[in-house]
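This report concerns pockets and aromatic rings in one protein model. Please keep the structure in view while reading.

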Amino acid sequence: MTNRRLPPRVLLRILGRSFLLQASWSFERMQSLGALYILAPALRLLYQEKELEDAFRRHMVYFNTHPYLAPPLLGAVLALEEDQARGERCAIGAVEFRDMVMAPFAAIGDALFWGGLRPLAAVIALFFAFKGSLWAPVVFLVLFNLPHLWFRCAGLVRGYFSGLRLVETVQARRLPDWALRAKEATVVLLGGLCAYLTLACLKQQEIWAGWGLLFFPLVVMLGWLARKGVSNLLLVLATLGALLLAGLIV
């Protein structure tokens, strides 16, 4: 960990370039050009002439992972490149390690950020929006962007100084469990928000709130159907259709 030699200014350039990972995509190699653009300052420092050309060529291959988990992954790649440039024998090459890890990292990132953190931040922001607060969009941006910025910045440093041990670090942090807890919290908060909105509408219409308990058997039945394997989309569409029909009749 202490024998890393890339200067902080180069790591800062790499961190800044990591925000441009998706500035250039191709159907054939996906994010490869963006990944090479991120690694280029370090590769120019580690290699010269023909070795530099070879390094650029080997990183111009298929690459596709979650953009927020790309910095830690590319940080570990830099560590392997640095070991290789020093002539050390590595258990696995930088490109081979990248190819092996990018798909699991993509799955973790999708579940954690797109499936867990973003809906959770949106539901919390909805509470502020319903109360008429102009802070709602700020709450959403802060709750979503602070974690993802932390993953970018701390992840790059952790990946660079950990090298191959990055995989052990990710496993120890149990990121998939974080995604699951975020999804569970989102469902609980969304249910609370729906109940709160319904209660507010009933009060506005001067309707006794106890009538809402009549929907409890319907909710239990929908949950039972979902556990039996009935499509969630079908249940949502059926519920929406029933509510629209009830609204037209009433």
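The residues that line the second largest pocket comprise 10 nonpolar, 2 polar and 2 charged. The model is a predicted one, and every value in this report was computed from it.

**The second largest pocket**

The second largest pocket holds about 280 Å³ of space. It is lined by 14 residues, and those closest to its centre are W150, F151, R158, T169 and R173. Helices α6 (136–162), α7 (166–173) and α8 each contribute at least two residues to this lining. The greatest contribution comes from α6, which gives 5 residues.

**The largest pocket**

In the largest pocket, the space amounts to about 1,300 Å³. Its lining consists of 28 residues, and F215, L218, V219, T239 and L243 lie nearest the centre. At least two lining residues come from each of α8 (175–204), α9 (216–227) and α10 (232–249). Among the contributors, α10 gives the most, with 9 residues.

| Pocket | Volume | Helix that gives the most to the lining |
|---|---|---|
| Largest pocket | about 1,300 Å³ | α10, 9 residues |
| Second largest pocket | about 280 Å³ | α6, 5 residues |

**Aromatic pairs**

A pair of aromatic rings is described by the distance of the centres and the angle of the planes. Across the whole structure, a search finds 9 aromatic pairs. One of them joins F130 and Y196 in an edge-to-face arrangement, with 5.5 Å from centre to centre and 80° between the planes. Because F130 belongs to helix α5 (residues 94–130) and Y196 to helix α8, this pair ties together parts that are 66 residues apart in sequence.

Why is the pair of W150 and F151 described as edge-to-face? The ring centres lie 5.4 Å apart and the planes stand at 85°, so the pair is edge-to-face, since an angle over 60 degrees is required for that description. The two partners belong to opposite classes of accessibility. W150 counts as exposed, at 54% relative accessibility, because the class begins over 50%. F151, at 11%, counts as buried, because the limit for that class is under 20%.

W150 and F151 also take part in a cluster, in which ring pairs link them with Y68, F113, W114, F140 and F144.

**Charges over rings**

R4 lies over the face of Y160, at 5.7 Å from the ring centre. In another instance, the charged end of R152 sits over the ring of F19, at 4.5 Å from its centre.

F161 is placed in helix α6. Is F161 buried, partly exposed or exposed? With a relative accessible area of 24%, F161 is partly exposed, because this value lies between the limits of 20% and 50%. Although F161 and A42 are 119 residues apart along the chain, their C-alpha atoms are separated by 14 Å.

Terms used. Residues numbered from 1 in each chain as written. Predicted model: local features only at pLDDT ≥ 70, side-chain atom pairs only at ≥ 80, totals over all residues. Heavy atoms only, no water. 1 Å grid on protein atoms, 1.4 Å probe; cavity = no way out; pocket = protein on both sides within 12 Å on 5 of 7 lines; lining within 4 Å. Points joined across faces, edges and corners; volume = space filled by probe spheres on them. Helix = DSSP H or I, 4+ residues; strand = E, 2+ residues; numbered from the N terminus. Nonpolar A, V, L, I, M, F, W, Y, C, P; charged D, E, K, R; others polar. Buried < 20%, exposed > 50% of the residue type's maximum accessible area, 1.4 Å probe, protein only. Phe/Tyr/Trp six-rings, centres within 6.5 Å; stacked < 30°, edge-to-face > 60°. Lys NZ or Arg CZ within 6 Å of the ring centre and 35° of its normal.
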